[in-house]
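The sequence and the structure come first, and the description follows.

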Amino acid sequence: MPELPDLEVMREVLAERVLGRPILTARAARPDILKTVSPPLDALAGESFREIGRVGKHLVLTVRDDLYVVMHLMVAGRLVLTGASTKVTKATGFLVTFADGEDLRLVENGSIKRAKVHLVAKPSDVDRVARAGVEPLSEAFTPEFLTQRFAGERRQVKKAITEPSWIGGIGTAYADEILFAAKLSPIRYVNTLKDEEIERLWAATRDVLRAGIEATRARSKGTLVSDEGRAAMQVYGRAGEPCRVCGKPIAEIRFAETHTFYCTHCQAGDKSIADRRSWLTR
Ligand SMILES: [Zn+2]
């Protein structure tokens, strides 16, 4: 799933590549990708994108002061720029055709097609944008914010930092990386975190996301890339491989559709996970 670093680099590349280009047409190749009916897609014809922003995991493309395209790529969505004559495959959900003969397409390979496109008069017309949490690279994200947000909340820290109405843009992969860097177990309850642990979590969040942006930017070389070719991470996706800090095998927890990767030694004081029915360790 594209997360803050992936989306931030997409935002930069889109700003380089699509701003100011006259739009010929826009259409939803998969009708249910479009979550709004008014304004109609025809409203984009003859306009151009003036600014590319991001709120959490949403990309916000400004057309006019009263017209925005808001996209959420969800699990498998990616954006591609391609010639308008390129065959429109079943994977294509949404297309913007520019007058110069190139398309911006939202594609989703595989069977999971959950990406969303909204055409709205203001970004906050999208409920999840209106309720978006604090941006973790903004000045508003401080250790004090975390202390206040977590007070009295009996919620595991991985779930807390991936809750989009609390903190924007962090998904399961970067959450695992952040918790590894912070040396915190993913299943710690946030209301038990000490001040020094909250400080570590805060610093790790910023460091890991900034490093993720740098790595993604270097990989993209000015093109639109997806999360698929992400550089090797410290723990995410590395079950059974040696921890790069202590050498012990990285453990994996599976719960519902989510996978969590962590080092039992570096993050959990070598303790195993209690509930083996729902938390599977290797
Ligand atoms: Zn370790």
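## Domains and their contact

The domain assignment of the protein gives domain 1 (4-130) and domain 2 (143-268); such bounds come from an automatic or database domain assignment. The C-alpha centres of domain 1 and domain 2 lie 28 Å apart. Domain 1 brings 17 residues to the contact and domain 2 brings 16 residues, where two residues are in contact if their C-beta atoms, placed from the backbone, lie within 7 Å.

On the side of domain 1 that touches domain 2, α1 (4-17) and β5 (77-83) each supply at least two residues. The largest share of this side, nine residues, comes from α1. Helices (H or I, at least four residues) and strands (E, at least two) are DSSP runs, numbered from the N terminus. By class, the residues of this side of domain 1 are 10 nonpolar, one polar and six charged; Ala, Val, Leu, Ile, Met, Phe, Trp, Tyr, Cys and Pro count as nonpolar, Asp, Glu, Lys and Arg as charged, and the others, Gly among them, as polar.

## Basis of the model

This is a predicted model, in which local features need pLDDT of at least 70 and side-chain atom pairs count only at pLDDT 80 or more, while totals for chains, interfaces and linings use all residues. Residues are numbered from 1 along each chain as its sequence is written.

## The nonpolar core

The largest nonpolar core has 66 residues, and Tyr-174, Ile-178 and Leu-179 have the most contacts inside it. A nonpolar core is a set of buried Ala, Val, Leu, Ile, Met, Phe, Trp, Tyr and Cys residues joined through C-beta atoms within 7 Å; a residue is buried if 20 or more other C-beta atoms lie within 10 Å of its own. Helix α5 (residues 172-181) gives the most to this core, with seven residues. Both domain 1 and domain 2 give residues to this core, so it lies between them.

Leaving aside residues up to four places away in sequence, Ile-178 touches Ile-161, Ala-204, Thr-205 and Val-208.

## An open sheet

Four strands form an open sheet in the order β2-β3-β4-β8, with antiparallel pairing; strands pair if DSSP finds at least two bridges between them. At the edges stand β2 (51-55) and β8 (116-120), each with a single partner strand, so one side of each is left without a neighbour in the sheet.

Between β2 and strand β3 (residues 58-64) there are five bridges in the antiparallel sense. Arg-54 stands opposite Leu-59 in β3. Helix α1 packs on the sheet, touching β2 and β3, and its direction makes about 170° with that of β2; axes are lines fitted to C-alpha atoms, for helices over the stretch in contact, and angles run from 0 to 180 degrees between N-to-C directions.

Methods
Buried ≥ 20, exposed ≤ 12 C-beta atoms within 10 Å, placed from the backbone.
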